[in-house]
Amino acid sequence: MAGKRSYGEGCPIAHSLDLVGERWALLVVRELRLGPRRYRDLQEALPGIAPTVLSQRLKDLEAAGVVHRRELAPPAAARVYGLTEWGAGLEPVFRELARWGVRSPVVPLSGGVSADSTMLGLRTFFAPPPDQEPWSAVYDVWLGRERYRIRIERGRLEHLARGGDAGGADVVVRTDKDTWQRVLGRQEARADAVAAGRLAVEGDPALLDRLVAAAAAPPAP
């Protein structure tokens, strides 16, 4: 990527864009922020990307040292892609891009989002209300077939990742990403989603309400 379409400048910003500035590159990285993915999982999460483009972006990002690939041992026997330690260093960039983009005074947000994007929004905008008592809890959130583990410690979001060890959660939520996004965005009450059969809660619903209350709505432009 850097060799073919380099800006040819010594500026660190230009160099960064040489590495991750191609179309779809940052979105591929976005989908790896919560854990490794198989190629077909990336295709499902990014339906607008052509298979040839996805393959090229993965090769480019791997060559740049942003992404690594590895083979899972049997019985999985699958190739997965994940972020290198250096690639994971883009996290603050993503957070600030999200906060900047959501305040756009001209172009409104539109279009769908992936399950990972929905969960990453929770991490980006997590901010418990000042009058909320600190709490600790572990949540498993199922968005379709994807499971996400969230750990809150004394009111701080300490861990959010896709997959990992199952069991031991204080609250288990089963829903779809659109319903989850509406509940987090205060567009639908948790109780209404439960009553409609689109969200199921195992465990103390009050703990889920605490999490939702801490999912601060993005600031208005």
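This is a predicted model: local features need pLDDT of at least 70, side-chain atom pairs count only at pLDDT 80 or more; totals for chains, interfaces and linings use all residues.
Student: Is strand β7 largely enclosed or left open by the rest of the structure?

Tutor: Strand β7 covers residues 171-175. Of its 5 residues, 4 are buried, so the strand is largely enclosed.

Student: Which residue of β7 is the bridge partner of Val141?

Tutor: Strand β4, residues 137-143, runs parallel to β7, and 5 bridges join the two. Within β7, the bridge partner of Val141 is Val173.

Student: Which residue in β8 is the bridge partner of Val172?

Tutor: Strand β8 spans residues 199-203 and pairs with β7 in the antiparallel sense, over 5 bridges. In β8, the residue bridged to Val172 is Glu202.

Student: Which strands stand at the edges of the open sheet of 3 strands?

Tutor: The sheet has the order β1-β3-β2, with antiparallel pairing. Each edge strand has a single partner, so one side of it is left without a neighbour in the sheet. The strands in this position are β1 (37-38) and β2 (67-71).

Student: What is the bridge partner of Arg38 in β3?

Tutor: Strand β3, residues 79-83, pairs with β1 in the antiparallel sense through 2 bridges. The partner of Arg38 in β3 is Val80.

Student: Is Tyr7 buried or exposed?

Tutor: Tyr7 lies in the segment before α1 (12-20). Together with Ile13 and Leu17, Tyr7 forms a nonpolar surface patch with about 340 Å² of accessible area. The cut-off for an exposed residue is over 50% relative accessible area. Tyr7 has 53%, so the residue counts as exposed.

Student: Which helix supplies the largest share of the lining of the largest pocket?

Tutor: The largest pocket has a volume of about 1,600 Å³. At least two lining residues come from each of α2 (25-30), α3 (39-45), α6 (91-101), α7 (115-125) and α8 (177-184). The largest share, 9 residues, is supplied by α7.

Student: Which residues lie nearest the centre of the largest pocket?

Tutor: The lining of this pocket consists of 45 residues. Those nearest the centre are Arg30, Val113, Ser117, Thr118 and Gln181.

Student: How far apart are the closest N and O atoms of Arg30 and Glu31?

Tutor: Side chains of opposite charge can pair when their charged atoms come close. Arg30 and Glu31 are both buried, and they belong to a network of salt bridges that also links Arg37, Asp116, Glu146 and Arg162. In the salt bridge between Arg30 and Glu31, the closest N and O atoms are separated by 2.8 Å.

Student: What is the relative accessible area of Arg69, which forms a salt bridge with Glu62?

Tutor: The closest N and O atoms of Glu62 and Arg69 are 3.1 Å apart. Glu62 is partly exposed, at a relative accessible area of 29%. Arg69 is also partly exposed, and its relative accessible area is 41%.

Student: In the salt bridge of Glu158 and Arg156, what is the N to O distance?

Tutor: Glu158 counts as partly exposed at 39% relative accessibility, whereas Arg156 is exposed at 57%. Their side chains meet in a salt bridge with an N to O distance of 3.4 Å.

Student: How many salt bridges does the count come to?

Tutor: The criterion is a side-chain nitrogen of Lys or Arg within 4 Å of a carboxyl oxygen of Asp or Glu. By this rule, the number of salt bridges is 25.

Notes
Residues are numbered from 1 along each chain as its sequence is written. Side-chain values use heavy atoms; hydrogens and water are left out. Buried means under 20% relative accessible area, exposed over 50%, partly exposed in between (1.4 Å probe, protein chains only). Two strands pair if DSSP finds at least two bridges between them. Patches are made of residues with over 30% relative accessible area and no salt bridge: like charges are joined within 9 Å, nonpolar side chains (Val, Leu, Ile, Met, Phe, Trp, Tyr) within 5 Å. Accessible areas come from the Shrake-Rupley method with a 1.4 Å probe; for residues, only the protein chains shown count as cover. On a 1 Å grid over the protein atoms alone, a cavity is a set of points where a 1.4 Å probe fits but cannot get out, and a pocket is an open set with protein on both sides within 12 Å along at least five of seven lines; lining residues have an atom within 4 Å of a point. Grid points are joined across faces, edges and corners, and a volume is the space filled by probe spheres set on the points.
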